[in-house]
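Work through the exercises below with the sequence and the model side by side. Each task is followed by a solution that goes step by step.

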Amino acid sequence: MATTSHMLTPREAARLLGISYPTIKQWILGGKLKTVQTPGGHHRIAEATLRPFLAKDSAKPELKSRERYRRVSGRNQLPGKVVSIRIEGLLAEVVLAVGDSHVTAIITANAVRELQLKKGDTAAALIKSTDVMIERLDELP
C-alpha cells in the first residue's frame, strides 16, 4: 500500500517525470510502477514512488537527462545536430539531423540570431501539433 505522501494521477506523474502519458500507462500495466487504485478503478501514484526515477534521471549527464523536458511544455522533443540554416528576410529554415532523419523547421530569423544557431550545433525540434520549434541544447559561445 502507498505511503501517506501526496497521490498523483498518472498524467500528473508523467508530467513530473518528463515522460508521455502512454509511457507511464505502460509502466503501470507492466508493473514497473506501483499504484493504488481508487474505488472507481483509477490509478494513483504516491509522490514517494517517483523519487527513485527522479534520482536516477538526475544522475545522468545533462543532455541525457529528462530534466530539460520538464522545463518545457511540449513533450515531443527530438534532439539532433543542425545540418543547415538558410535565412531569407524575416524567416529562417533550420534543418536538424535526428538519427537517420532530417527535421525542418521554419522559425523567425531573429530566433536563429538570438539562439546563435549555426551548422553543427546541438539542438532539439520541439513539436506541438503542426508547429516545430528549435531549442538550443549546448551553451552559447
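Is Phe-53 buried, partly exposed or exposed? With a relative accessible area of 23%, Phe-53 is partly exposed, where buried means under 20% relative accessible area, exposed means over 50%, and partly exposed lies in between, for a 1.4 Å probe and protein chains only. This is a predicted model, in which local features need pLDDT of at least 70 and side-chain atom pairs count only at pLDDT 80 or more, while totals for chains, interfaces and linings use all residues. Residues are numbered from 1 along each chain as its sequence is written, and side-chain values use heavy atoms, with hydrogens and water left out.

**Exercise 1. Find the aromatic pair, classify it, and place its two residues in the chain.**

Step 1. Apply the pairing rule: rings of Phe, Tyr and Trp (its six-membered ring) pair if their centres lie within 6.5 Å, and planes under 30 degrees apart count as stacked, over 60 as edge-to-face and the rest as tilted. The count by this rule is one aromatic pair.

Step 2. The ring centres of Trp-27 and Phe-53 are 5.1 Å apart and the planes stand at 20°, so this pair is classed as stacked.

Step 3. Trp-27 belongs to helix α2 (residues 21–29) and Phe-53 to helix α3 (residues 47–58), so that the pair links parts of the chain 26 residues apart; helices (H or I, at least four residues) and strands (E, at least two) are DSSP runs, numbered from the N terminus. Trp-27 itself is buried, at a relative accessible area of 17%.

**Exercise 2. Identify the charged side chains that sit over aromatic rings.**

Step 1. The criterion is that NZ of Lys or CZ of Arg is within 6 Å of the ring centre and within 35 degrees of the ring normal.

Step 2. Lys-32 places its charged end over the ring of Trp-27, at 4.1 Å from the centre, and Arg-11 lies over the face of Tyr-21, 3.9 Å from the ring centre.

**Exercise 3. Describe the two open sheets, naming strand order and edges.**

Step 1. Strands pair if DSSP finds at least two bridges between them. Five strands make an open, antiparallel sheet in the order β6-β5-β4-β7-β8, and its edge strands, β6 (101–108) and β8 (131–136), each pair on one side only. Direction ignored, neighbouring strands of this sheet are turned by 40° against each other on average.

Step 2. Within that sheet, strand β5 (residues 91–98) pairs with β6 in the antiparallel sense over eight bridges, and Leu-91 stands opposite Thr-108 in β6.

Step 3. Three strands form an open antiparallel sheet in the order β1-β3-β2. At its edges stand β1 (7–8) and β2 (36–37), each with a single partner strand, so one side of each has no neighbour in the sheet. Two bridges join β2 antiparallel to strand β3 (residues 43–46), and His-43 in β3 is the bridge partner of Gln-37.

Step 4. Helix α3 lies across β1 and β3, running at about 65° to β3; axes are lines fitted to C-alpha atoms, for helices over the stretch in contact, and angles run from 0 to 180 degrees between N-to-C directions.

**Exercise 4. Locate the nonpolar cores and say which elements supply the largest.**

Step 1. A nonpolar core is a set of buried Ala, Val, Leu, Ile, Met, Phe, Trp, Tyr and Cys residues joined through side-chain atoms within 4.5 Å. The largest holds 13 residues, of which Leu-96, Ile-107 and Ile-134 touch the most other members.

Step 2. β5, β6 and β7 (122–128) each supply at least two residues of this core, and β5 gives the most, with four residues.

Step 3. Apart from this core lies another, of eleven residues, among them Ile-24, Trp-27, Ile-28 and Leu-50.

How values were computed. Contact means heavy atoms within 4.5 Å.
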